[in-house]
Structures are given as C-alpha cells and as structure tokens.
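Let's take a walk around this protein together. Have the structure open as you read, and look for each spot as it comes up.

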Amino acid sequence: MLAAFDRSSPAVAGAGLVSGYSGIGKSSVVNELHKALVPPRGLFASGKFDQYKRDIPYATLAQAFQG
C-alpha cells in the first residue's frame, strides 16, 4: 500500500480497501499506514464495517468521513 501511495500524484485521488477475516490485524496495518502516510502529504480517512449496521447504505463511508 505504501508503494501504491508513492506512485500516486497529488492531482489524482485514490482509495485503498483492506479486507480479511476477523482478528488477523487489519486495524493494526491501517494504523501503521496512517502513521506513515499522513505526515508527508496525505489525507487519511478510515472506517470499520459494523455487521449490525449492514442494512444502512454507505454506513462505513459515513463513519470514515466523520472522524
């Protein structure tokens, strides 16, 4: 993901999605990416999927942009 960020340009927006089974460390990876990407030049938004809110469209995206 760091390599993909390095290849991007300031004029082009991008998004990265992390998926996998519960408990494998997705949140830890995202938190480490946050530390590495934001100080140099990045804006960072993250959200977690809530299995109890899956009937609400775009709930994860809304959570990401609220923070």
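Tyr58 counts as exposed because its relative accessibility is 65% (buried means under 20% relative accessible area, exposed over 50%, partly exposed in between, with a 1.4 Å probe and protein chains only). You'll find Tyr58 in the loop between H2 and H3; helices here are DSSP runs of H or I with at least four residues, numbered from the N terminus.

## Where the model comes from

This is a predicted model, where local features need pLDDT of at least 70, side-chain atom pairs count only at pLDDT 80 or more, and totals for chains, interfaces and linings use all residues. Residues are numbered from 1 along each chain as its sequence is written, and side-chain values use heavy atoms, leaving out hydrogens and water.

Side chains of opposite charge can pair when their charged atoms come close. Here, Glu32 forms a salt bridge with Lys35, with the closest N and O atoms 3.2 Å apart (the rule: a side-chain nitrogen of Lys or Arg within 4 Å of a carboxyl oxygen of Asp or Glu). The two sit 3 residues apart in helix H2, so about one helical turn separates Glu32 and Lys35.

How exposed are they? Glu32 is partly exposed at 48% relative accessibility, while Lys35 is exposed at 56%.
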